[in-house]
Each structure stands twice: as structure tokens, then as C-alpha cells.
Amino acid sequence: MTYSNILVEYHEQIATVTINRPKALNALNTVTLQELSQVVHDLANNSSIRVVILTGSGEKAFVAGADIAEMNTKTPMEARSFSQLGQRLMNLIESLPQPVIAAINGFALGGGLELAMACDIRLAGENARFGQPEVNLGIPAGFGGTQRLPRLVGSGRASEILLTADLFDAQEAFRMGLVNRVYPKEDLQEQAMAMAKRIAAKAPIAVQLTKSAIYKGANMDLISGQDYEAEVFALTFHTEDRKHGFRAFLEKTQTEFLGK
Ligand code: CAA
């Protein structure tokens, strides 16, 4: 399937999804949000893919936000639908069975930072710039930023970012735990692929259930989260991969996981 604003490439068990509107710094308009939702939906049903990398095309931007030109003409009801379309996409990414690595190769602003925050792991090029500049435009963040940012960096830092609209660089994002690692920009995609390969080599069902426990547990109290963890722990004892993994350890051999 071809899309006007999204590229999807497959490398072994890894899908790289690239938002491809470089002339608009990959801004998220309705078509891009819809196409990305379709891609994510298809990946959810593609059991041959074990890890997804999400990035932006061009040299300058991951995603510079929701499309301001398109939003300019929206009525309040249309704006609500647009916000909900973006929120549904972020939720879909977060609930995707496979882990998603954001390779943040430049500006991640507004809806772009919100997109990165819906991913499981965030890797940044040293040229990346972050921020939630919506209040400069007279709007609040609308794709989940007021909710995910405090959960990721704490409410004090999130309030500063969301209320001042100040931009910050990759090292600062790293210091506040918003990105996992920072790389020279020319190494970013290679490093994202290397991490994706490391994860893809692990037992896929265990990886997916670990992601699920992290994601679901974030919205549960500790005891309920642990109950869920015990259930997914038990579930893996049905799998061939669990048997192979244990046997390989005990017999001091290697195994390749099959996702069964
Ligand atoms: N929407 C639409 N178009 C955008 C865009 C956006 N978010 N960001 C950049 N563009 C377009 C510019 O309009 C420009 O188009 P033209 O060449 O046709 O004029 C092109 O991309 C290149 O951008 P600049 O010339 O501005 O590039 P720059 O290097 O001078 O500046 C920038 C880069 C600082 C990122 C600047 O483009 C900018 O401030 N962009 C807007 C960032 C922003 O406010 N994002 C939040 C959007 S609101 C939101 O996301 C709401 C939400 O939560 C759902």
C-alpha cells in the first residue's frame, strides 16, 4: 500500500515508518494522521514485525507539530474531532503490541513531541529540539501532551514546558528523562536500527507482554498492576519460546525465538 505522506520500509522483522512531508517539517495534517493510523493498525495485525521505528524525513524535523495552516480554519467542533483523531492515533501507537522506538531527528514540537511520547523508547539526534509551543498560538496541547508529559517528566517540569512554550535541546531532554539516549545526528538511524534488532532478537511474546504490562500498569494501582504482571508471567509458560529460552540457559547453548 502506498501513502501520500507516510513511507513504510521493512528490514527483516523491523518496520521503519517515516512521516514524509519534509516541506512542512512533517507537520501532522488530517491526511497524515489518518494514514499513520492505518499504518499502525496494519502493523498491529502483522505478526512478522517485532519492532517499529518511527522517524521523520529530511534533515530538520521529526515532526514540527500539528498542521497550523490546516487548523487555522477549523470550527471548535472540527478542532475537537482533530484533537480526538490525534489522541486516538497516540493511543493506538501506545497499545500497539510491538515496541515502538522514536528516532527523533530534529524538531519534535507540539504534536511531534506528543507523537514521540506515545512511543516506548525515544532516541534523539543531538540536533533535536523539543517543546510544546501551543500557547504561542493561543491553544493548549491537543494530542495528549497535557497528560503524557507530566507522567513522563513530573508535573513541575511539564508545567514549565507547556506554559512557557520554551524549546529545549536533546541534552536537556535527556537530563529530564524525556529521551533515553542522544547520538550524533549521523548515527541516529543506525543506532535506532541496532536497538530494534536487539529487541527483535528477544522472545517476541515476552517482549509484547512486557510492553503491555508497562503500558497497562501505568494506568493501574500497584497491586492491580502486579496482578496483571503475574497473569502475563504465567501466560509465557505456555510458549515454546519460554521452553527454548530456559533449555538454552540450562544447557549453555543459544536459541532463536520463534514467537510461539
Ligand atoms: N504546521 C504547518 N506548517 C509548518 C509547521 C506546522 N506545525 N511547522 C513548520 N511548517 C512549515 C512552515 O510554515 C514552512 O512552510 P513554507 O516554506 O511554506 O513557509 C516550512 O514548514 C518550513 O518551516 P520554517 O520556514 O518555519 O522553518 P524554520 O527553520 O525557520 O523554523 C520551526 C522551524 C521553529 C520548527 C518553525 O517552523 C515553527 O515554529 N513551526 C511551528 C511549531 C509549532 O508551533 N508547533 C506546534 C503546532 S500546534 C500543535 O501541535 C497542536 C497540538 O498539540 C495538536
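**Notebook: charges and polar contacts**

I started with D169, which sits in strand 9, residues 168-169. I'm working from a predicted model, by the way. D169 counts as partly exposed because its relative accessibility is 33%. I then found D169 in a negative surface patch, together with E160, D166 and E172.

Next I looked up the salt bridges, and the structure holds six. Side chains of opposite charge can pair when their charged atoms come close.

I checked K211 and D120: their side chains meet in a salt bridge, 2.9 Å from N to O. This pair ties together distant parts of the chain, 91 residues apart. K211 is in helix 9 (residues 204-217), while D120 is in the loop between helix 4 (111-117) and strand 7 (121-125). Is K211 buried or exposed? I noted K211 as buried, since its relative accessible area is 7%, whereas D120 is partly exposed at 30%.

Then I went to K243 and E240, whose salt bridge spans 3.9 Å, N to O. Both are in helix 11 (residues 240-250), three residues apart, or about one turn of the helix. I wrote down 35% relative accessibility for K243 and 35% for E240.

I also looked at E70 and K74, a salt bridge with its closest N and O atoms 3.3 Å apart. E70 is partly exposed at 22%, and K74 is partly exposed at 25%.

Last, I followed T32 in helix 1 (residues 30-44). What does the side chain of T32 contact? I found a polar contact with the side chain of N29 at 2.5 Å, and another with the side chain of N5 at 2.9 Å. N5 is in the segment before strand 1 (6-11). T32 is buried, with a relative accessible area of 0%, and N5 is buried at 11%.

Technical notes: Residues numbered from 1 in each chain as written. Predicted model: local features only at pLDDT ≥ 70, side-chain atom pairs only at ≥ 80, totals over all residues. Heavy atoms only, no water. Patch = residues over 30% accessible without salt bridge, like charges linked within 9 Å, V, L, I, M, F, W, Y side chains within 5 Å. Areas by Shrake-Rupley, 256 points an atom, 1.4 Å probe, with all protein chains shown as cover. Salt bridge = Lys/Arg side-chain N within 4 Å of Asp/Glu carboxyl O. Lys, Arg positive; Asp, Glu negative; His and termini not counted. Charge placed at Lys NZ, Arg CZ, Asp CG, Glu CD. Helix = DSSP H or I, 4+ residues; strand = E, 2+ residues; numbered from the N terminus. Buried < 20%, exposed > 50% of the residue type's maximum accessible area, 1.4 Å probe, protein only. Polar contact = N/O pair within 3.5 Å; in protein donor to acceptor, adjacent residues only side chain to side chain.
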